[in-house]
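Here's a quick briefing to read alongside the structure. Take a look at the fold first, then come back for the notes.

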Amino acid sequence: MGFEVTILRETRDLLIAESRYMRKNPTEAEAVLWRQLREKQLKGHKFRRQHIIGLYIVDFYCPTKKLIIEIDGPIHQKQIQYDLDREEVLVTAGYQIIRFTNNEVLLNPSNVVERILMCL
């Protein structure tokens, strides 16, 4: 399921450490959306946050639907090409990605949830 990639143990350990750090230190927008996604609140689907897929850490992931939810903050303006390349790899591997800006999540969370529900 997903795509398989061989990762050095050291790289995997770094990804795990970064994922744990990001779960403990979410952005405001991530914290707002997580309150909506946790505990199977959306049609009973389980979501994981800061989930590792291959060499990438995605903001939120629903394994039953292979749905990735990304929240783009200011950093994403500086890494546009990286995000495009990453998205191409993940979509080619069969994942669906939906993106929101921090402002979308913070200013209109109900709209964000509705858009996610349409993907489930």
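How far apart are the mean positions of the positive and negative charges of the protein chain? For the 18 positive and 16 negative charges, that separation comes out at 8 Å. Keep in mind that this is a predicted model.

**Overall fold**
- The protein chain has five helices and four strands, and going from the N terminus they line up as α-α-β-β-β-α-β-α-α.
- The C-alpha trace spans about 40 × 30 × 25 Å along its principal axes.

**Surface and contacts**
- Of the 120 residues, 38% count as buried.
- The chain exposes about 7400 Å², with carbon and sulfur atoms supplying 52% of that.
- If you take contacts between residues at least 6 apart in sequence, 60% of them join residues at least 24 apart.

**Strand β2 and its partners**
- Seven of the seven residues of strand β2 (residues 56–62) are buried, so β2 is largely enclosed by the rest of the structure.
- On one hand, β2 pairs with strand β1 (residues 48–53) in the antiparallel sense over five bridges, and Ile53 has Tyr56 as its bridge partner.
- The β1–β2 hairpin leaves two residues between the strands, and Gly54 in the turn has a positive phi of about 60 degrees.
- On the other, β2 runs antiparallel to strand β3 (residues 67–72), joined by three bridges, with Phe60 opposite Ile69.
- The β2–β3 hairpin has four residues between its strands, and there Lys66 takes a positive phi near 50 degrees.

How values were computed
Residues numbered from 1 in each chain as written. Predicted model: local features only at pLDDT ≥ 70, side-chain atom pairs only at ≥ 80, totals over all residues. Heavy atoms only, no water. Buried < 20%, exposed > 50% of the residue type's maximum accessible area, 1.4 Å probe, protein only. Contact = heavy atoms within 4.5 Å. Areas by Shrake-Rupley, 256 points an atom, 1.4 Å probe, with all protein chains shown as cover. Lys, Arg positive; Asp, Glu negative; His and termini not counted. Charge placed at Lys NZ, Arg CZ, Asp CG, Glu CD. Pairing = 2+ DSSP bridges.
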